[in-house]
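I would like to walk you through one model, beginning with the whole chain and then turning to a few of its residues.

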Amino acid sequence: MSALELLRAPARQSSALTETAHRPWPLPHGSWIMGQSWEDLLFAHWRVDAEAVRALVPPELSVDEHDGSAWLGITPFDLTGFRLRGTLPLPIVSSFPEINVRTYVTAEGKPGIWFFSLDTSSLLAVEAARRAYRLPYFHARIELDRDEDRIHYSSARREALRPFVFGATYQPVGMAFEPEPGTLEHFLTERYCLYAADESGLYGAQIHHPPWRILPADVSIDLNTMPPDGLEHEGEPLCHLAERQDVLIWPLEEIPCK
């Protein structure tokens, strides 16, 4: 990200608050604490068995299904403009590639995301996110190269007990669109909270961003061992690409267990 883009990022992120009608519930009380932008984000999704997902997420969470299946998502992207509220993004440390492995769950009536893993090349982000958000972040070697509108992405987790690697080439095709409520694309993308857990309990953090605008994507996956053990994914993935999303994130809060 250029120096000029770094300066523009805070305004873009904060302006997300002017668009809220698409949210499934009102903005959370209190102040957001973190802004970031996600660029060239690939959504690659596979159908997976809901019972297999059930065994891998906390019992307090219900597993969301669409078209009779739970879904596994792998989302590589370039995180840019990372900053705390009231600060500007800093060169170098505010931008880094990341890849997430996720599924879809609900707690307290709020559909959200459960992350099986989050890999990034920023060791600082790994340590900070593990402490502040109790998320399973891992340090990885990641390369993201752009050749006009084609993206080459490769990731390999460092010091893992087994290989966690991903390699793909992808580019947008077709026209951008906003997923309509009720569609599979809407189910997979329009999520406004994340969930996490540790030995102390279950937690949630709310997020906000404008409605997703996504494009169909032409994707060639060379290697993918990112899914967690015990979760089989088969067939060709459903793939979409988002050119940029500006995001605000609220603090992590404990969810009382009933």
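Predicted model: local features only at pLDDT ≥ 70, side-chain atom pairs only at ≥ 80, totals over all residues.

The chain contains 13 strands and four helices, and its C-alpha trace extends over about 50 × 45 × 40 Å along the principal axes. If we take the contacts between residues at least 6 apart in sequence, 69% of them join residues at least 24 apart. The chain exposes about 12300 Å², and 54% of that area comes from carbon and sulfur atoms.

Let me now turn to the charged pairs. Side chains of opposite charge can pair when their charged atoms come close. In this structure there are ten salt bridges, and I will take three of them in turn.

Is Asp 40 buried or exposed? With a relative accessible area of 15%, Asp 40 is buried, whereas Arg 146, at 42%, counts as partly exposed. Beyond its neighbours within four places in sequence, Asp 40 is also in contact with several other residues, among them Pro 76, Phe 77, Tyr 170 and Leu 241.

The next pair is Asp 64 with Arg 191, whose side chains meet in a salt bridge at 2.6 Å, N to O. Here, too, distant parts of the chain are linked, since Asp 64 sits in the loop between β2 and β3 and Arg 191 in the loop between α4 and β9, 127 residues apart. Asp 64 is buried at 11% relative accessible area, and Arg 191 is buried as well, at 3%.

Asp 64 also brings us to Ser 69, which touches Asp 64 along with Arg 47 and Val 48, once residues up to four places away in sequence are set aside. Ser 69 is in the loop between β2 and β3 and, at 12% relative accessibility, counts as buried. Its side chain makes a polar contact of 3.0 Å with the side chain of Arg 47.

Glu 127 and Arg 131 both lie in α3, residues 123-133, four residues apart, which is about one turn of the helix, and their side chains form a salt bridge at 3.7 Å, N to O. Glu 127 is partly exposed at 36% relative accessibility, while Arg 131 is exposed at 63%. Salt bridges that share partners also join Arg 12, Arg 244 and Asp 246 into one network.

Finally, the surface. Which residues make the nonpolar surface patch of about 450 Å²? They are Leu 90, Ile 92, Val 93 and Leu 124. Of these, Val 93 lies in the loop between β3, residues 70-84, and β4, residues 96-107, and Val 93 is partly exposed, with a relative accessible area of 42%.

Technical notes: Residues numbered from 1 in each chain as written. Heavy atoms only, no water. Patch = residues over 30% accessible without salt bridge, like charges linked within 9 Å, V, L, I, M, F, W, Y side chains within 5 Å. Areas by Shrake-Rupley, 256 points an atom, 1.4 Å probe, with all protein chains shown as cover. Salt bridge = Lys/Arg side-chain N within 4 Å of Asp/Glu carboxyl O. Helix = DSSP H or I, 4+ residues; strand = E, 2+ residues; numbered from the N terminus. Buried < 20%, exposed > 50% of the residue type's maximum accessible area, 1.4 Å probe, protein only. Contact = heavy atoms within 4.5 Å. Polar contact = N/O pair within 3.5 Å; in protein donor to acceptor, adjacent residues only side chain to side chain.
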